[in-house]
Amino acid sequence: MLTVKLIATACFVAFLTTSSAIHSCSSKASYEGFSAISVIPTTQKHVQLLSSFLLDPCEAFLFRPTEIQQYERHIVVISSSSLPKWKRAFSGSSCNVITNDLASLLNSSSGQKKSYSRALSNDKVLREKAYESGMPARAVTQAINSSHVLDTQFYLDYYSLVVLQEKWTNLSTQFSDIVELKVIGRSHQDRPIHALFVGHTDAENPRRVFINSLLHAREWVTPPVVTYAAERLAVEAANLKQPYVSLLKEVQIIFVPVANPDGYEITATANRMWRKNLRPGDSCAGVDLNRNWDLDFKGPHSTSNSECSDIYTGPFAFSEPETQALRDLVLETPGIQIHIDVHSYSQIVIGPWSYTDEIPPNLDVIESLGNGITNDISNHNGVPYRFSLHSKQAYIYLASGTMSDWTFSKNILSFGFELRPSRLDADTFFLPTKEILPTCKEVFASIPRILRAARNSTFIEPTLSSTPSQSLASNPEPTSEEDFLSFLSTGVVIIICVVVAVVVIAVLLCVIVAIFKSGRTAPTSMV
Ligand code: 0X9
Ligand code: ZN
């Protein structure tokens, strides 16, 4: 009986491996003939089956885990023809079909409009709203002249990169005294990476907050959330609303809403599930921009050396123009106190570290701000978020070479946000457009606290509590000046050792020859 079971398991493993081969990265681009299911492995056999599926270097999981844990839900992309087999294999445990026509689901929820020009100016929106509320025409005109209105309509849909860029440009012209738009770098395919600087910092000792999103191309809700925060701050300040006016006099906030512009374009045109950038590769394109940072680069957690993997680290730390642009912005901008890297999904706020469960320096500061932010977001709409700390209570896997760990190691208090939906909402494959605006608003609820924390920050000079595993261990090439120097000094030590060894051997040989000679001459002379 046991043998039969073993054979059955082996057959199914073989079947899964074959069906995963069907998932060649290119054939998945359209997802024609694919289904998405959500499964919970309740037995060791389930764990084994899913683990074998993990061997596929192309993404077969919506969230690619480092290992399969029993009772943890996974969303798996499978070929539709294998659906009955999956259902049989997981019968009796939780196996929900999210869709058996993934291609149509992706098309219908793509939502990106190729060209979108704002039909309504802010003034028109205000006018319409005011008329709707029964305000007399003169009062409406007066209101238009004296107040700025947030363009909430913009946050009811997902847009292409050009439309987002048009939005950022409009913000910088409409609120030119408080918003500045800059290009901080360019992607592999030469697309600009934009940053919006909101607020002033004439101070000698400037205080800044840095918020970026879309390191991962498919996390579509994040650019609107970050753009909304920039627009809302500009509008509140222009309307002379407190506490924004005072806070933005003391703290500047820098937003990079689309850190991975090439990847974003691909999700709109070819593969909605694309995660990485578009670095050209030998077998597959793309580097995971949240694995390319040099703290614990190529470390053991949720990373891969395979070009085709969705968690490919890249050849060396900061190999990508996108991570270089963000790194240089951080290094060249004084006074950044807080950094937030915005992702989706899971409804969690994540504190440092990402690569280890060791206690981070300044744990009390991290906990009090992290819990405060989490409560602000959760209380706004009653949609619960959780605060995740690997050293205490973690709600996500460990990850090496991440952006937020790198900024934390640069004395910046850093958090990762994973926005809606919750990871337990297996049937919510993509966030519906009607949830964009509520998500923008709930995240914005934490902004005043973040600005205050940056203004009052005493979070300086954290000392690393542990040494991350070194990238040289898995990459023999020197990857930075420091690595090169250590490489050089190792070489010098080896040369010295070789020279010493040669000298010692030569001396020994001389001694042996001398003994040998004297041994031969002595008897002769004695004779
Ligand atoms: O894997 C990632 O890069 C992030 N999750 S996502 O689903 N958006 O891809 C989380 C990375 C950082 N978080 C920690 N592990 N602490
Ligand atoms: Zn992400």
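First, the ground rules. Residues are numbered from 1 along each chain as its sequence is written, and chains are lettered from A and ligands numbered from 1 in the order in which they are written. Because the model is predicted, local features need pLDDT of at least 70, side-chain atom pairs count only at pLDDT 80 or more, and totals for chains, interfaces and linings use all residues, while side-chain values use heavy atoms, with hydrogens and water left out.

Overall counts. The protein has 16 helices and 11 strands. Those are DSSP runs, numbered from the N terminus: helices are H or I, at least four residues, and strands are E, at least two. Of the 527 residues, 52% count as buried. Buried means under 20% relative accessible area, exposed over 50%, partly exposed in between, with a 1.4 Å probe and protein chains only. Now contacts, meaning heavy atoms within 4.5 Å. Among those between residues at least 6 apart in sequence, 76% join residues at least 24 apart.

On to the sheet. What is the strand order in the open sheet of 8 strands? Reading across, β4-β5-β7-β6-β8-β11-β9-β10, with mixed pairing. Two strands pair if DSSP finds at least two bridges between them. At the edges stand β4, 179–186, and β10, 386–388. Each has a single partner strand, so one side of each is left without a neighbour in the sheet. The twist averages 20° from one strand to the next.

Helix α8, residues 222–238, packs on this sheet. It touches β4, β5, β6, β7, β8 and β11, and its direction makes about 150° with that of β7. For angles, axes are lines fitted to C-alpha atoms, for helices over the stretch in contact, and values run from 0 to 180 degrees between N-to-C directions.

Look at β5, residues 192–198. 7 of its 7 residues are buried, so β5 is largely enclosed by the rest of the structure. P192, H194, L196 and V198 point one way, and I193, A195 and F197 the other. β5 pairs with β4 in the antiparallel sense over 7 bridges. In that pairing, K182 has A195 as its bridge partner. The β4–β5 hairpin has 5 residues between the strands, and there D190 takes a positive phi near 70°.

V349 has F417 as its bridge partner in β11.

Helix α12, residues 363–381, lies across β8, β9, β10 and β11, at about 25° to β11. I366 sits in α12. Is I366 buried or exposed? Its relative accessibility is 0%, so I366 counts as buried. Leaving aside neighbours within four places in sequence, I366 contacts G351, P352, P360, P361, F387, L389, F408, L413 and F415. I366 and P352 are 14 residues apart in sequence and 8.0 Å apart in space, C-alpha to C-alpha.

Back to α8 and its helix neighbour. Helix α7, residues 161–174, packs with α8 at an angle of about 10°, axes 11 Å apart. That makes α7 roughly parallel to α8. Angles under 35 degrees count as roughly parallel, over 145 as roughly antiparallel, 65 to 115 as roughly perpendicular and the rest as oblique. L164, K167, W168 and L171 of α7 meet P223, T227 and E231 of α8.

Now the cores. A nonpolar core is a set of buried Ala, Val, Leu, Ile, Met, Phe, Trp, Tyr and Cys residues joined through side-chain atoms within 4.5 Å. The largest has 68 residues, and L233, F255, F415 and F417 touch the most other members. Helix α8 gives the most to this core, with 9 residues. Beyond four places in sequence, L233 contacts V198, Y244, L248, I253, F255, F444, I447 and L451. Apart from that core lies another, of 22 residues, among them I184, A195, V256 and L326.

H216 counts as buried, at 3% relative accessibility. E219 also counts as buried, at 6%.
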